[in-house]
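Subject: Handover of a structure

Dear colleague,

Please find below the sequence and structure that I am passing to you. My notes on the sheet and on the helices follow directly after it.

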Amino acid sequence: MNFEAPRAHVVELCLVLSRRGHFAGTGGNIMLRIDAQHVAVTPSAMDYFAMGPADVCVLRLTDLAKVDGDQAPTVEASLHARLLRARPDVGCSIHTHQPVASACALLGRELAVPPELRASLGARVPVAGYAPSGSAWLSAKLARQVAPDVNAYLMRNHGILCCGRDSAAALQAVEDLEQLASARLRARIAARAAADAAAAPALQRVLDALQRRTPS
């Protein structure tokens, strides 16, 4: 079987996410469903701008055995696989440490989703409890939150995971989650600034920075 096209697509997605500020350094990873048996995943700890299609790993979804690829797969492969096994409708999942949504993950509070974003994000954005990166414990905590009407997940102290029927839908969920997280954080900071005159100037600078990054 020729896996060249999906592997090249994973590289392209990594570059798009890096240029938009959602991936940085080697932080973040992707799983792309190829067919019922195979997935393509990013390699472990490799700079996205140095990555080529041959570096992208092809795994069996059932047991994550490597079928092709020059590098070791991301340590988060099991995290993505738990989601794709539970959601046959999902064609792509993306894990990022994108700045604003990751800040919401630190707060550990579920986000309600407004009607205009539910098509991409789903009904809500739940929180999976903290567990070490790459661990079966983290995969199990995320699996408990997986639902057919939820396409975005906050992972406590560990960033986010978004998914969609294909890579375009998953990427849209990443973008929409950052927009939603920014709106929620701006509202919290504005309320704090209104209640604390001494802190208001510093908080306004934070609000300005958030507005520049994710305009409404």
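Two strands are said to pair if DSSP finds at least two bridges between them. Helices (H or I, at least four residues) and strands (E, at least two) are DSSP runs, numbered from the N terminus. Please note that this is a predicted model, in which local features need pLDDT of at least 70 and side-chain atom pairs count only at pLDDT 80 or more, while totals for chains, interfaces and linings use all residues. Residues are numbered from 1 along each chain as its sequence is written, and side-chain values use heavy atoms, with hydrogens and water left out.

I begin with the sheet. Strand β9 (residues 152-155) is joined to β10 by four bridges in the antiparallel sense, and Ala152 has Cys162 of β10 as its bridge partner. The open sheet as a whole consists of eight strands with mixed pairing, ordered β4-β3-β2-β1-β5-β10-β9-β8. Because β4 (66-68) and β8 (127-128) are at the edges with a single partner strand each, one side of each has no neighbour in the sheet.

On one side, β5 runs antiparallel to strand β1 (residues 29-33), with four bridges between them; here Ile30 stands opposite Ile94. β5 also pairs with strand β10 (residues 159-164), again in the antiparallel sense, over five bridges, and in β10 the partner of Ile94 is Cys162.

Is β5 buried or exposed? Taking buried to mean under 20% relative accessible area, exposed over 50% and partly exposed in between (1.4 Å probe, protein chains only), five of the five residues of β5 (residues 92-96) are buried, so the strand is largely enclosed by the rest of the structure. In a regular strand the side chains alternate between the two faces of the sheet. In β5 both faces are covered, with Cys92, Ile94 and Thr96 buried on one side and Ser93 and His95 buried on the other.

Turning to the helices, contact means heavy atoms within 4.5 Å, and axes are lines fitted to C-alpha atoms, for helices over the stretch in contact, with angles running from 0 to 180 degrees between N-to-C directions. Helix α2 lies across β1, β2 (38-41), β3 (57-60), β5, β9 and β10, at about 40 degrees to β1. Helix α3 also packs on the sheet, where it touches β5, β9 and β10 and makes about 60 degrees with the direction of β9.

α3 (residues 99-107) packs against helix α6 (residues 167-195) at about 60 degrees, their axes being 8 Å apart. The two are therefore oblique to each other; by convention, angles under 35 degrees are roughly parallel, over 145 roughly antiparallel, 65 to 115 roughly perpendicular and the rest oblique. Pro99, Val100, Ala101, Ala103, Cys104 and Leu107 of α3 make this contact with Leu177, Glu178, Ala181, Ser182, Leu185 and Arg188 of α6. Within α3, the buried residues are Val100, Ala101, Ser102, Cys104 and Ala105. Just after this helix, Gly108 takes a positive phi of about 70 degrees.

Finally, α2 (residues 77-86) and helix α5 (residues 136-143) pack at about 25 degrees with their axes 9 Å apart, which makes α2 roughly parallel to α5. Here Ser78, Leu79 and Arg82 of α2 meet Leu138, Ser139, Ala140, Leu142 and Ala143 of α5.

Yours sincerely
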